[in-house]
Amino acid sequence: MVADRPRTKILLDGGDPDETLRVQTHLELLDGQTTNPTYIAKNPEMQTKLAAGRKLSTQEQLEEYRRIVQQISPLVGDAGVSIEVFADYSTTAEEMLQQGEEMFSWIPNAYIKYPCLPAGLRAAQMSVRRGIRVNITLCFSQEQAAAVYAATLGAADPVYVSPFVGRLDDRGQNGMDLVWNIKKMYAHGDGHVHVLAASLRRLDHLLCAFSIGTELATAPAKLLEQWADAGLPQPDAGFSYQAVDSSGRQLQPIPYKDIDLNRRWESYDLRHDLTAQGIERFVSDYQSTLRPAA
Ligand code: E4P
């Protein structure tokens, strides 16, 4: 075990148990894992099947997902394994909950990932009332994070919210500002929602998440291995985050908004085009593994 580890819990973003084993062996401090439909579609055994022309039925896909998370589950620590329900815009809260209940029974350390949509938040609300741990994914605005807070009040276990940093950076906005703003807003709350910095692409993202003090951060194997090879650095007192994209262009700041956390969750504006695009991408990656229904 590493003596001087960050307070932020470290999760691997991926869908391959061999990769989890390799990264855990290398780092010795993997607290958890996040999976999503894209990573499951990229799983090497899944790819072998698809390359051999063997697409799956929805039931086989679900069994494959279960097999993957059951292998990952014992390899990681107490931040658990996030498992994402299938959701498109027509999926109801009850349908998401039904999937969530089944997935939660797969492993003892599951967190169920619901999208930051009205149906996803309703499913999350019903889930926490049933003792199902949740992670709200595809969060791109402070208002969405306020809704996550309000929808899950009273949860017995910490609720995760996943702001996607890299996808905001990709379109010229400073994704780390969103993380900072959510943490600042949650300082007015009861602490039941933990911020899981997601869609991290570079070492600076990781260090900035540590310096902001997010409770969790998830990163792909390549980035975690780069961090390990650099000696597991942590930000020093003089750390200053450079909000620039890969070609050195300045990212646009995302201003902080004063948002009251004590409203009904349905009253917050949940719309964000990147949430919609994220859903479309997950649906398409999920469907790429399926054979057409007979
Ligand atoms: C988080 O849970 C997601 O799986 C992930 O961080 C998405 O990252 P991406 O934007 O690199 O796809």
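**Chat about the pockets and the ligand**

Me: Hi! Which helix gives the most to the lining of the largest pocket?
Reply: Helix H2 does, with three residues. Keep in mind that this is a predicted model.

Me: Thanks! Which helices supply at least two residues each there?
Reply: Two are named for the largest pocket: H2, which spans 37–42, and H12, which spans 273–287.

Me: What's the volume of the largest pocket, and how many residues line it?
Reply: The volume comes to about 330 Å³, and 19 residues form the lining. Nearest the centre of this pocket are Asp 13, Asn 36, Tyr 39, Arg 167 and Arg 281.

Me: Which distances to oxygen atoms of the ligand can you give me for Asp 13, Asn 36 and Arg 201?
Reply: For Asp 13, a polar side-chain atom lies 2.6 Å from a ligand oxygen. A side-chain N or O atom of Asn 36 is 2.7 Å from an oxygen atom of the ligand. With Arg 201, the distance from a side-chain N or O atom to a ligand oxygen is 3.0 Å.

Me: And how much of the ligand's accessible area does the protein cover?
Reply: On its own the ligand has 350 Å² of accessible area, and the protein covers 91% of that.

Me: Switching topic: what about the second largest pocket?
Reply: Its volume is about 230 Å³. The second largest pocket is lined by 15 residues, and those nearest its centre are Phe 140, Ser 141, Gln 142, Ile 254 and Lys 257.

Me: Which helices give two or more residues to that lining?
Reply: Those are H7 (142–151) and H9 (175–186). As for residue types, the lining of the second largest pocket divides into five nonpolar, five polar and five charged.

Note on methods: Residues numbered from 1 in each chain as written. Predicted model: local features only at pLDDT ≥ 70, side-chain atom pairs only at ≥ 80, totals over all residues. Heavy atoms only, no water. Polar contact = N/O pair within 3.5 Å; in protein donor to acceptor, adjacent residues only side chain to side chain. Areas by Shrake-Rupley, 256 points an atom, 1.4 Å probe, with all protein chains shown as cover. 1 Å grid on protein atoms, 1.4 Å probe; cavity = no way out; pocket = protein on both sides within 12 Å on 5 of 7 lines; lining within 4 Å. Points joined across faces, edges and corners; volume = space filled by probe spheres on them. Helix = DSSP H or I, 4+ residues; strand = E, 2+ residues; numbered from the N terminus. Nonpolar A, V, L, I, M, F, W, Y, C, P; charged D, E, K, R; others polar.
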